[in-house]
Amino acid sequence: MTTMTFTRKDPPQWLLDFWMEIDDKTFGKGFDCFAHDAVCNLGVADWHGRDTIRENLRQFIDRGFTAHHDVVEYWDGGSIKVFHGKVRMTFDDPALPVVRPTMTHFFYMDEKDPAKVRRWLGSVGPTAF
């Protein structure tokens with residue numbers, strides 16, 4: 001068994017920059033928080049590599065909505081960071097209502113470079129019942 005202590009903190013700039021890149025649909029330097037060979041398991045996604053993560057998120061967001069991420073909680077456990085938030089999803093189709101699903105994300109930091117995310121596990125939603 002492994003024991004880890006988590007401390008609730010303000011979210012770090014790297015995390016805010018990452019969400020901003022998605023919200024602004026720029027997909028630029030905010031993704032530098034990921035190790036070159038990072039792995040992302042976001043819902044059913046199994047993406048390998050920072051550039052693949054960036055491109056697949058771009059394609060997902062460009063499928064008809066704009067996102068805005070809000071921080072609810074950020075917990076720092078050293079090698080593991082936990083994020084809880086809400087994402088406002090405004091659809092391009094005005095007939096669709098805006099939704100605000102809950103998000104939970106685990107960021108496992110790289111052992112050799114603890115400033116970089118090695119693995120990202122996340123879930124969002126559901127967006128409706």
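## An exposed loop residue

Asp92 is placed in the loop between β5 and β6. Helices (H or I, at least four residues) and strands (E, at least two) are DSSP runs, numbered from the N terminus. The structure is a predicted model, in which local features need pLDDT of at least 70, side-chain atom pairs count only at pLDDT 80 or more, and totals for chains, interfaces and linings use all residues. Residues are numbered from 1 along each chain as its sequence is written, and side-chain values use heavy atoms, with hydrogens and water left out.

Asp92 counts as exposed because its relative accessibility is 53%. In this report, buried means under 20% relative accessible area, exposed means over 50%, and partly exposed lies in between (1.4 Å probe, protein chains only). Apart from neighbours within four places in sequence, Asp92 is in contact with Gly64 and Phe65; contact means heavy atoms within 4.5 Å. The C-alpha atoms of Asp92 and Thr66 are separated by 7.5 Å, although these residues stand 26 residues apart along the chain.

## The largest pocket

The largest pocket holds about 430 Å³ of space. Of its 24 lining residues, Leu42, Leu57, Phe60, Phe65 and Val124 are the closest to its centre. The search uses a 1 Å grid over the protein atoms alone: a cavity is a set of points where a 1.4 Å probe fits but cannot get out, whereas a pocket is an open set with protein on both sides within 12 Å along at least five of seven lines, and lining residues have an atom within 4 Å of a point. Grid points are joined across faces, edges and corners, and the volume is the space filled by probe spheres set on the points.

At least two lining residues come from each of α1 (13-23), α2 (50-61), β4 (65-76), β5 (80-91), β6 (102-109) and β7 (117-124). Helix α2 gives the largest share, five residues. By type, the lining comprises 16 nonpolar residues, seven polar and one charged. Here Ala, Val, Leu, Ile, Met, Phe, Trp, Tyr, Cys and Pro count as nonpolar, Asp, Glu, Lys and Arg as charged, and the others, Gly among them, as polar.

## Leu42 in strand β2

Leu42, one of the residues closest to the centre of the largest pocket, belongs to strand β2. Not counting residues up to four places away in sequence, Leu42 touches Trp47, Leu57, His105, Trp120, Gly122 and Ser123. Leu42 and Ser123 are 81 residues apart along the chain, yet 5.8 Å separates their C-alpha atoms.

## Helix α2

How far apart are the end C-alpha atoms of α2? They are 17 Å apart, which agrees with the 16 Å that its twelve residues should span at 1.5 Å a residue. The expected span of a helix is 1.5 Å times one less than its number of residues.

Arg50, Ile53, Arg54, Leu57 and Ile61 are the buried residues of α2. Seen down the helix axis, the buried residues of α2 fall within an arc of 95°, so they line one face of the helix. The arc is that of the directions from the helix axis to the C-beta atoms. An α-helix has 3.6 residues a turn, so residues three or four places apart point the same way. The buried residues of α2 pack against α1, β2 (34-42), β3 (47-48), β4 and β7.

In α1, the buried residues are Leu15, Phe18, Trp19, Glu21, Ile22 and Asp23. Their cover includes β2, α2, β4, β5, β6 and β7.

Lys25 follows α1 and is found in the loop between α1 and β2. Lys25 is not a glycine, yet its phi is positive, about 60°. Phe27, in the loop between α1 and β2, is likewise a residue other than glycine with a positive phi, near 55°. Is each of these two residues buried or exposed, and to what extent? Lys25 is partly exposed, with a relative accessible area of 30%, whereas Phe27 is buried, with a relative accessible area of 3%.

## Phe83 and the final segment

Phe83 lies in strand β5 and counts as buried, at 0% relative accessibility. Leaving aside neighbours within four places in sequence, its contacts include Leu15, Trp19, Val71, Met103 and Phe107. The C-alpha atoms of Phe83 and Val71, twelve residues apart along the chain, are separated by 7.5 Å.

Pro126 is in the segment after β7. A cis peptide bond, with omega of about 10°, joins Gly125 and Pro126.
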